[in-house]
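Could you walk me through this model in my viewer? I would like to know what to select at each stop and what I will find there.

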Amino acid sequence: MGIVENYLNIGIKSIFVDNMIFAYFLGMCSYLAVSKKIGTAVGLGMAVTFVLLITVPLNWLAYNFIIKEGALSWLNTLGVSTNFADFSGVNLEVLKFIIFIAVVAAFVQLTEMVVEKLSPALYNALGIFLPLIAVNCSILGAALFLPGKEFAFGESVVYGLGSGIGWFLAVVALAAIREKLSYSNVPKGLRGLGITFITVGLMAFAFLSFIGFKLPFGE
Amino acid sequence: MKFLRNTLDKIKPNFEKDGKLHFLHSTFDALETFMFVPNHTTKGGAHIRDGIDLKRTMFTVIIALVPALLFGMWNVGELHFTAQNIDSFIIDNLIYGAMKVVPIIVVSYLVGLGIEFAFCQVNGHPVNEGFLVSGMLIPLIVPADIPLWMVAVATAFAVIIGKEVFGGTGMNILNPALTARVFLYIAYPVEMAGDIWVSGIKDGLVDASSGATYLGDLGVGKAVTVDTYNAFMGFMPGSIGETSTLMCLIGAAILIVSGIGSWRIMLATVIGALGMGLILNAIGGNPYYDLPAYQHLIIGGFAFGAVFMATDPVSAAHTQRGKWIYGILIGVLTVLIRVFNPAYPEGIMFAILFMNVMAPLVDNYVVKANIKRRLNRVKA
């Protein structure tokens, strides 16, 4: 399998098959809360995509050069004598969560400042949800899926971007449906979040179509 | 006729306001308007006047479905008898087919309309005819041997979760008939996939290998020569109503001439599938890539989906340009899912559902683009 096919495969898989919303139900809080208007949904979707695109590779670096068992052995090759400290046996997996969250939080803080400076309108529209991206489950989730997937660096970039686009598509599609639904006569008890949950469930049906998708180009 | 009218007039006061059966008034209204043309007239304001109403729209679609239905019944019988090497005539085939198909239709209508009436009764809405078409579509897209309770469960799911919770007819986001089918497909895969397409296999009357479809064979990588004539006419196994492209074309003609189905969506879907098929032909390599593009249109449920499902006016895109985008993407996705997804041999069902989900978004951007264009014109 060529490199382009491989990237394409990972991209399509992370957008549709392993969709953060419809396959893993990650990042639901902001997904449900910020999908009332298409405009804000697009904004949040782009913010999540951007953060995923950057933090997943960052976390990949953190995992492969700090956390993984023996990942720190580059310190030895840099000149730290093995007599002083043998890093090839160090395993920091216990710190996985803390390190991933720290990376994500730091980066989101940075994004927040940039957005505030560049687009105050978007900043106001996103309100509390921009800082909340720091604890958006889909972003930590994508980082935590990394160890299991054994990607190379390039693949992790594609994976981060794909996961973000998948989340973006899901939130924008839901926002469009909810704008349409605001004219429907939904039974009283289901108005608001109730009907939104049902809608998301039905949307997951549609996304099922991609489970099992394979791209055997030039087989 | 007169007797009916008189009876209705006699019991009518019971259902009017202050009558003792007033709580059943929507059921009564439904029955009355079902049998007689309603005599309400538009009050106040200017309105577009036209003879067409929801009931007539729905009935036109049902008439368009009749060729596919009759052919489907015949085909169920024909396949059943041929697989057993029994000579059969048209009548035998039709009778056997009717014995299989009519119960499914009855169950689907009973369950669906029952739920619909109950909801309207509770909400105090007038009953409308939204389910008439879905109730006919559901039987046509299931295999002939499906257990009736499954039809009932799927119909109930589609009507309640797919439609009524959104506020009833005209408000659903997914096509109800397809919701029922995808529900069956996910919940009862054994009954809905594999070589089950000839009636009698389950009872051991017929050898299972006779139930293989082109799509099923292609899905597992077998090289397949599609018999174009048979596939076009519909002489092949499949869901009850989906096999015959010819009958779907007749239905399409009825829908287009009466102005009820959108020719844009149908044409766009065909263009999308042909285009994607040609691209794959150009790449070539395995049997599925090399399947001639036009044959994608005649095998499986493509024609049926493109004509009767994709054009559902509620769940499709509403804007003209949106319809083109919507249709083309359905065609492209259908071929993509068929070829690249071994888990699902047929793609049209999921392609339409996916685009149902995306349709509001497509519409939104088409409308926005229109507004922008006109604003520019004003400014210039």
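Start by selecting B:Arg377, which sits in helix α17 of chain B. Keep in mind as you go that this is a predicted model. Is B:Arg377 buried or exposed? Its relative accessible area is 54%, and the cut-off for exposed is over 50%, so B:Arg377 counts as exposed.

Next, move over to chain A and pick A:Ile195, a residue of helix α10, which spans 193-207. Here the relative accessible area is 5%; buried means under 20%, so A:Ile195 is buried. Show what surrounds the side chain: setting aside neighbours within four places in sequence, A:Ile195 touches A:Leu181, A:Val186 and A:Leu190, and from chain B also B:Val165 and B:Phe166.

For the last stop, select A:Asp18, in the loop that runs between α1 (3-17) and α2 (28-33) of chain A. With a relative accessibility of 15%, A:Asp18 is counted as buried. What is A:Asp18 in contact with, leaving aside its neighbours within four places in sequence? Display A:Lys13, A:Ala23, A:Tyr24 and A:Lys149, and you will have the contacts of A:Asp18 on screen.

Notes:
Residues are numbered from 1 along each chain as its sequence is written. Chains are lettered from A and ligands numbered from 1 in the order in which they are written. This is a predicted model: local features need pLDDT of at least 70, side-chain atom pairs count only at pLDDT 80 or more; totals for chains, interfaces and linings use all residues. Side-chain values use heavy atoms; hydrogens and water are left out. Helices (H or I, at least four residues) and strands (E, at least two) are DSSP runs, numbered from the N terminus. Buried means under 20% relative accessible area, exposed over 50%, partly exposed in between (1.4 Å probe, protein chains only). Contact means heavy atoms within 4.5 Å.
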